[in-house]
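Hi,

Here is the structure I promised to pass on. Have a look at it first, and my notes follow below.

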Amino acid sequence: MAGDERPDDLFSGLARDWWGAASPAAPLRALNEPRFAYFDRYVEGGWAGRRVLDVGCGGGFTTEYLAARGAKVSGVDVSLALASAARTHAAASSLDIGYAVGAGEQLPYADGVFSVVTCLDVLEHVPSPGEVVREVHRVLAPGGMFLFDTINRTWLSRAVMIWGLERVLRAIPRGTHDWHDFITPGEMTAYLAAAGFTPVGRMSGLAVVGRRPDGTFRARLTRNVSCTYLGAARR
């Protein structure tokens, strides 16, 4: 990504207006619905009362979505600016969400304290995705669920995620992604196995199919995992 901002710097720069309608992050907000249409099937009994950690929480889109569904949510992000923005917005929305600053490779939580960990739009941005997966395993209670999405390293993902969304449509900031950091499903399966996870169910693709009048993405689940894909694994 020579000549571009690093993703952590880029995302921190969005913190001040993360929840604003004109924020470059705003299109991502609507992705919770299709993502959790997939994830919900792996959370037996629903989300109410479950202790959940969102790794790489950004400004809080997913943490607030889950808190509204009754989960006891914590969020952690490497960016102090984003964690602060998330904390401020949660307080203004009267939501009880705990936020911390920390890297996914060294989560600031004790062993086995969460029943579900989510990690969305994160693994393709971190220096050591395998280490993040191992840390997720550590903080999950036995039988806990790891729910994730990431981006496959294919020519289609390069065309869609970088050339299309970043450079042509400018729907997300340029420099958000580096194709070499994308993770194939085979690599992701290896990370899970090395950490001690058991994959559950079949991975699903997530395809962006347009934008709504408010600028948020329209997306749907698909069997095609050649761009963004979702998965679940049990500790």
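How many salt bridges does a search of the whole structure find? The search turns up 6, where a salt bridge is a side-chain nitrogen of Lys or Arg within 4 Å of a carboxyl oxygen of Asp or Glu.

Before the details, two housekeeping points. This is a predicted model, so local features need pLDDT of at least 70 and side-chain atom pairs count only at pLDDT 80 or more, while totals for chains, interfaces and linings use all residues. Residues are numbered from 1 along each chain as its sequence is written, and side-chain values use heavy atoms, with hydrogens and water left out.

**Salt bridges**

One of them joins Asp 121 and Arg 35 at 2.8 Å, N to O. Asp 121 sits in the loop between β4 and α5 and Arg 35 in helix α2 (residues 32-39), so the pair ties together parts that are 86 residues apart in sequence. (Helices, H or I with at least four residues, and strands, E with at least two, are DSSP runs numbered from the N terminus.) Arg 35 counts as buried at 4% relative accessibility, whereas Asp 121, at 28%, counts as partly exposed. For the cut-offs, buried is under 20% relative accessible area, exposed is over 50%, and partly exposed is in between, using a 1.4 Å probe and protein chains only. Asp 149 comes in here too: Arg 35, Asp 121 and Asp 149 are linked in a network of salt bridges.

Another pair, Arg 153 and Glu 187, meets at 2.7 Å, N to O. Arg 153 is in the loop between β5 and α6 (155-168) and Glu 187 is in helix α7, so this pair ties together parts that are 34 residues apart in sequence. Arg 153 is partly exposed at 27%, and Glu 187 is partly exposed at 28%.

**Helix α5**

Glu 135 and Arg 138 also form a salt bridge, at 2.7 Å, N to O. Both lie in helix α5, 3 residues apart, about one turn of the helix. Glu 135 is buried at 13% relative accessibility, and Arg 138 is partly exposed at 22%. In α5, 8 of the 11 residues are buried, so the helix is largely enclosed by the rest of the structure. What covers those buried residues includes β1, β4, β5 and α7, counting contact as heavy atoms within 4.5 Å.

**The cores**

A nonpolar core here is a set of buried Ala, Val, Leu, Ile, Met, Phe, Trp, Tyr and Cys residues joined through side-chain atoms within 4.5 Å. The largest has 26 residues, and among the members that touch the most others are Leu 53, Val 117 and Phe 146. Its largest share, 4 residues, comes from α5. A second, separate core of 24 residues includes Leu 66, Ala 90, Val 200 and Leu 206.

Cheers
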